[in-house]
Amino acid sequence: MDRIVTDKREELSDIDLLHEIGSRMAAADPFHAVLDRIIEVVSEAVHCDSCFIYVLDKDQLVLRASKNPHADVVDQVGLALGQGITGWVAVHKQAVAIPARASRDARFAKLGNLPEDRFEAFLSVPILCRGKLVGVINVQHREQHPHTQREIRLITMLGYLVGAEIELARMEFEKAQLADQLETRKVMERAKGILQRELGVDEEAAYIALQKQSRQRRKPLREIAEAIILMDDLRRSKK
């Protein structure tokens with residue numbers, strides 16, 4: 001009887017959890033906000049010590065979100081398909097659950113020198129969208145942790161549920177990045193044109209002048225270029 005009650009409570013809890021992630025996904029937030037929400041939901045579901053989300057970028061799995069702060073590696077490093085347990089899960093599209101001594105698994109690969117590399121338990125599940133790989137969710141525990149069927153099935157289901165949302169958010173993120181790059185190029189070209197006119201130099205010399213100001217003021221090139229354009233606009237408005 002106690003077991004039946006426990007199962008019913010777990011089922012209700014899981015339903016509440018799935019309802020929560022469904023409502024959160026409907027918010028259509030930016031890419032990293034979506035990933036952070038998934039981290040929160042996963043961490044609440046299994047009470048883990050670490051949670052990583054890798055997202056497929058061309059032929060590489062890039063670490064895009066982490067429960068623990070890792071500003072030096074998030075968005076900076078990744079794994080090749082097939083590399084480590086994460087890469088194996090990505091290639092085979094199957095979950096892997098290791099209750100202890102995960103670092104001794106033949107497929108294990110260190111990611112830099114992170115504390116998580118020494119954690120005992122490791123659960124890795126694929127994130128899919130219509131059968132297509134989108135990424136991988138990794139859940140880790142510092143101490144030994146025998147993953148229950150509920151945990152494995154629940155995180156695997158989350159991987160299925162969030163696949164489309166992550167893919168959509170990723171596409172929007174890349175679109176915004178491209179737009180920003182195009183705008184930066186326009187700003188740089190206009191700033192170089194102003195310097196060429198004002199200083200009587202060629203395009204290469206104008207770019208070197210921008211770089212020099214950027215280094216001296218310790219500000220991004222685009223910010224320097226925008227300041228030059230603003231000053232030129234002000235001068236023109238006074239004429």
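Aspartate 57 stands opposite glutamine 60 in strand E2. That pair belongs to a predicted model. Six bridges join strand E1 (residues 50-57) to strand E2 (residues 60-66). The two strands run antiparallel. This briefing starts with their sheet, then turns to the helices and the cores.

**The sheet**

- Six strands form an open sheet, in the order E3-E2-E1-E6-E5-E4. The pairing is antiparallel.
- Strand E3 (78-80) and strand E4 (96-98) stand at the edges. Each has a single partner strand, so one side of each lacks a neighbour in the sheet.
- Neighbouring strands are turned by 25 degrees against each other on average, direction ignored.

**Helices on the sheet**

- Helix H2 (residues 31-46) packs on the sheet. H2 touches E1, E2 and strand E6 (132-141). The direction of H2 makes about 140 degrees with that of E1.
- Helix H3 (residues 84-92) lies across E1, E2, E3, E4, strand E5 (121-129) and E6. H3 runs at about 35 degrees to E5.

**The nonpolar cores**

- In soluble globular proteins, nonpolar side chains tend to be buried together.
- The largest nonpolar core here has 27 residues. Ile38, Val42, Ile53, Ile137, Ile155 and Ile166 touch the most other members.
- H2, E1, E5, E6 and helix H4 (149-199) each give two or more residues to this core. The largest share, nine residues, comes from H2.
- Isoleucine 166 touches Phe31, Val34, Leu35, Ile38, Val55, Ile127 and Val134, leaving aside residues up to four places away in sequence.
- A second, separate core has 21 residues. Val89, Ile98, Phe122 and Leu128 are among them.

**A look at isoleucine 38**

- Isoleucine 38 sits in helix H2.
- Is isoleucine 38 buried or exposed? Its relative accessible area is 1%, and buried means under 20%, so isoleucine 38 is buried.
- Isoleucine 38 and leucine 158 are 120 residues apart along the chain. Their C-alpha atoms are separated by 8.5 Å.

**Helix H5**

- Helix H5 (residues 203-217) has 15 residues. From its first C-alpha to its last, H5 reaches 21 Å, close to the 21 Å expected at 1.5 Å a residue.
- Which residues of H5 are buried? They are Ala206, Leu210 and Ser214. These residues cover an arc of only 80 degrees around the axis, so they lie on the same side of H5.
- The face turned away from that buried side carries the exposed residues Glu204, Arg215 and Gln216.
- Just after H5, arginine 218 takes a positive phi of about 55 degrees.

Methods
Residues numbered from 1 in each chain as written. Predicted model: local features only at pLDDT ≥ 70, side-chain atom pairs only at ≥ 80, totals over all residues. Heavy atoms only, no water. Helix = DSSP H or I, 4+ residues; strand = E, 2+ residues; numbered from the N terminus. Expected span 1.5 Å × (residues − 1). Buried < 20%, exposed > 50% of the residue type's maximum accessible area, 1.4 Å probe, protein only. Arc of directions from axis to C-beta. Pairing = 2+ DSSP bridges. Axes fitted to C-alpha atoms, helices over the stretch in contact; angles between N-to-C directions. Contact = heavy atoms within 4.5 Å. Core = buried A, V, L, I, M, F, W, Y, C linked by side-chain atoms within 4.5 Å.
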